[in-house]
Amino acid sequence: MNNELMYILWNPDLVAFHIGPLQVRWYSLCWLFGLSAAYMVVQWLFKDQGITCRTMQVRDPKTGRQRKEEVNVFEPLFLYCFLGILIGARLGHCLFYQPDYYLTSGRGFVEMLLPIHFTADGSWHFTGYEGLASHGGTLGLILALWLYVRWSRLSLWQVLDNIAIATGITAFFIRIGNLMNSEIIGRATDVPWAFIFERVDQLPRHPGQLYEALCYLLLFAIMLVLYGRERGMVGETDRRRTVGTGWYFGFCLVFIFTARFFIEYTKEVQVSFEQGMTFDMGQLLSVPFVVAGAWCMTKANSRK
């Protein structure tokens, strides 16, 4: 059979639906689905481990004196994660991939910070953040969690492990959003499952976004199975010897960025300076995360 008959023609509408004049894009919905799913998973993990609330010293607004109060430390976590991922992913894309555009003019610097684009006549229009890098998002998330731990007084490794368990489902939805946007496309190929991204060109290409999405969904399934086995086979005290050592966090880094390193071979280069490079920017940035993840897993064994 001719492979051309099996290629998937891909050109979905970028907009999922309208609310009056407001356009709701599939990409935004995928981010919403991913973050909502992670929120529910981590909420369950916090409750399962008994760390949702903590007794903390708070200042009485009337008397100004310090008093002990039971505080829900889970709820602020979502805001920390959301801002950390968004700011880190945006800065990561601008600084790692297009510094020549965003750092060489006042307009570029403003566009790096705000979701707008300036036109040639000096006017501007809202675009959303077009360009988010997963490596930057990971760094931003880690920094945000460090700040969260300073406030909540929870164990950093326990928070990192719990976030790692839920990371796969969020990453899955974000890459599906990239697929809906026909961005981060793959190299031209003749494999029968190739996509023709009509918004880009008429060449059959690897669906690199789908490859990554499926890897991340697999990661999420593995994490749930591993946590479920610990939960069912040992007591709660023993289980916390693993959730809280950094093993899940390290495994998450190794799995995601090893997969990312090899899937990059199926992707088209994102920026011109990557042409002719032995390893593209995505691969070069993945190596430190794999090394860091392996270190966390090794240290986790000693923490047990």
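A salt bridge, for this talk, is a side-chain nitrogen of Lys or Arg within 4 Å of a carboxyl oxygen of Asp or Glu. Hello everyone, and thanks for coming. What we have here is a predicted model, where local features need pLDDT of at least 70 and side-chain atom pairs count only at pLDDT 80 or more, while totals for chains, interfaces and linings use all residues. Residues are numbered from 1 along each chain as its sequence is written, and side-chain values use heavy atoms, with hydrogens and water left out.

Let's start with the charged pairs. Side chains of opposite charge can pair when their charged atoms come close. By our rule, the count comes to 6 salt bridges. Which residues are linked in a network of salt bridges? They are Arg175, Glu212, Arg260, Glu264 and Lys267.

Look at arginine 175 and glutamate 212 now: their side chains meet at 3.1 Å, N to O. This pair links distant parts of the chain, with arginine 175 in helix 6 and glutamate 212 in helix 7 (residues 208-233), 37 residues apart. By helix I mean a DSSP run of H or I with at least four residues, and by strand a run of E with at least two, numbered from the N terminus.

Buried or exposed, what are arginine 175 and glutamate 212? Both are buried, meaning under 20% relative accessible area, where exposed is over 50% and partly exposed is in between, using a 1.4 Å probe and protein chains only.

Arginine 205 counts as buried because its relative accessibility is 6%.

Strand 1 pairs with strand 8 (residues 195-197) in the parallel sense over 3 bridges, and tryptophan 10 stands opposite phenylalanine 197 in strand 8.

Finally, two helices. Helix 1 (residues 26-48) and helix 6 (residues 156-180) pack at about 170°, with axes 8 Å apart; axes are lines fitted to C-alpha atoms over the stretch in contact, and angles run from 0 to 180 degrees between N-to-C directions. That makes helix 1 roughly antiparallel to helix 6, a label for angles over 145 degrees.

Note on methods. Parallel < 35°, antiparallel > 145°, perpendicular 65-115°, else oblique. Pairing = 2+ DSSP bridges.
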